[in-house]
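Q: Please take a close look at the aromatic rings in this structure. How are they placed, and what surrounds them in the rest of the chain?

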Amino acid sequence: MTVTQSGPAASGATRRLPAKVRDCGTAPPHPRPAGRDQYTISEVAQHTGLSAHTLRWYERIGLMPHVDRTHTGQRRFTNRDLDWLSLVTKLRLTGMPVADMVRYAELVRAGECTFAEREQLLTAHREDVRQRIAELQSTLDVLDYKIDIYADARRASERF
C-alpha cells in the first residue's frame, strides 16, 4: 500500500487537477519510463533529485510507508509513490516542517474521515507561505530600491 492524495469526488466523478497543478508546473528531471510502474531506489533518486538516504529516511519516519520490496528485499517504488514524493517535495519546498508532512501522511492513510483536518493543516500552512512571500516581496523591494540608487549614481558618474 502506498500513500496517495485523495479528495472528495463531485457527483461520483473524480476531480482532475489542471496539468500545471497536477505536475506542480515543472517537468521531472528524468521522464518516467513508459509502461513501467516499478522503480529502484536509485531510479527514484535520479527522478526526484532526492538522495537514496533521504528516501530511506522518509520511509523510516512514516512519510513513505509501505514501499513494496522484491523477494530479495530491494525497494520497488511505483508511480503512485513518485506522485506522492512530488507532493512531499513541493510541501518541503514551501517550508512545511517534516513533522507536519508526516502528520499529513498519517491523515491521508486514515481515509476520508480526515478531510477536514487535512484541509485545516494545509490552510494553516498556506497562510504561513503567504506571509513568507510577503516578507520576501518586501525584502525584494528594498533590494530593488538600493540597486536603483547605485545604478543612478553610476550613470551620473559616467556622465562626467
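A: **Aromatic pairs and their setting**

Tyr58 has a relative accessibility of 5%, so Tyr58 counts as buried, the cut-off for buried being under 20%. This value, like the others here, comes from a predicted model. Trp57 has a relative accessibility of 33% and therefore counts as partly exposed.

A pair of aromatic rings is described by two values, the distance of the centres and the angle of the planes. The chain has 2 aromatic pairs. One of them joins Trp57 and Tyr58, with 5.7 Å from centre to centre and 40 degrees between the planes, and this pair is tilted. The rings of Trp84 and Tyr104 have centres 6.0 Å apart, and the pair is stacked because their planes lie at 5 degrees. Since Trp84 lies in helix H4 and Tyr104 in helix H5 (residues 98-110), the pair ties together parts that are 20 residues apart in sequence. Trp84 and Tyr104 are both buried.

In H2 (residues 41-48), the buried residues are Ile41, Val44, Ala45, His47 and Thr48. These residues are on the same side of H2 because the arc they cover around the axis is only 165 degrees. After H2 comes Gly49, which has a positive phi near 85 degrees.

The whole chain gives the wider setting. It contains 6 helices and 2 strands, in the order α-α-α-β-β-α-α-α from the N terminus on. Of its 160 residues, 27% are buried. Among contacts with a separation of 6 or more, 58% are between residues 24 or more positions apart. The accessible surface of the chain is about 11,000 Å², and carbon and sulfur atoms contribute 55% of that surface.

The surface also carries a nonpolar patch. Leu140, Leu143 and Ile147 form this patch, and together they have about 280 Å² of accessible area. Leu140 belongs to helix H6 (residues 115-158). With 40% relative accessibility, Leu140 counts as partly exposed.

Key:
Residues numbered from 1 in each chain as written. Predicted model: local features only at pLDDT ≥ 70, side-chain atom pairs only at ≥ 80, totals over all residues. Heavy atoms only, no water. Patch = residues over 30% accessible without salt bridge, like charges linked within 9 Å, V, L, I, M, F, W, Y side chains within 5 Å. Areas by Shrake-Rupley, 256 points an atom, 1.4 Å probe, with all protein chains shown as cover. Salt bridge = Lys/Arg side-chain N within 4 Å of Asp/Glu carboxyl O. Helix = DSSP H or I, 4+ residues; strand = E, 2+ residues; numbered from the N terminus. Buried < 20%, exposed > 50% of the residue type's maximum accessible area, 1.4 Å probe, protein only. Arc of directions from axis to C-beta. Contact = heavy atoms within 4.5 Å. Phe/Tyr/Trp six-rings, centres within 6.5 Å; stacked < 30°, edge-to-face > 60°.
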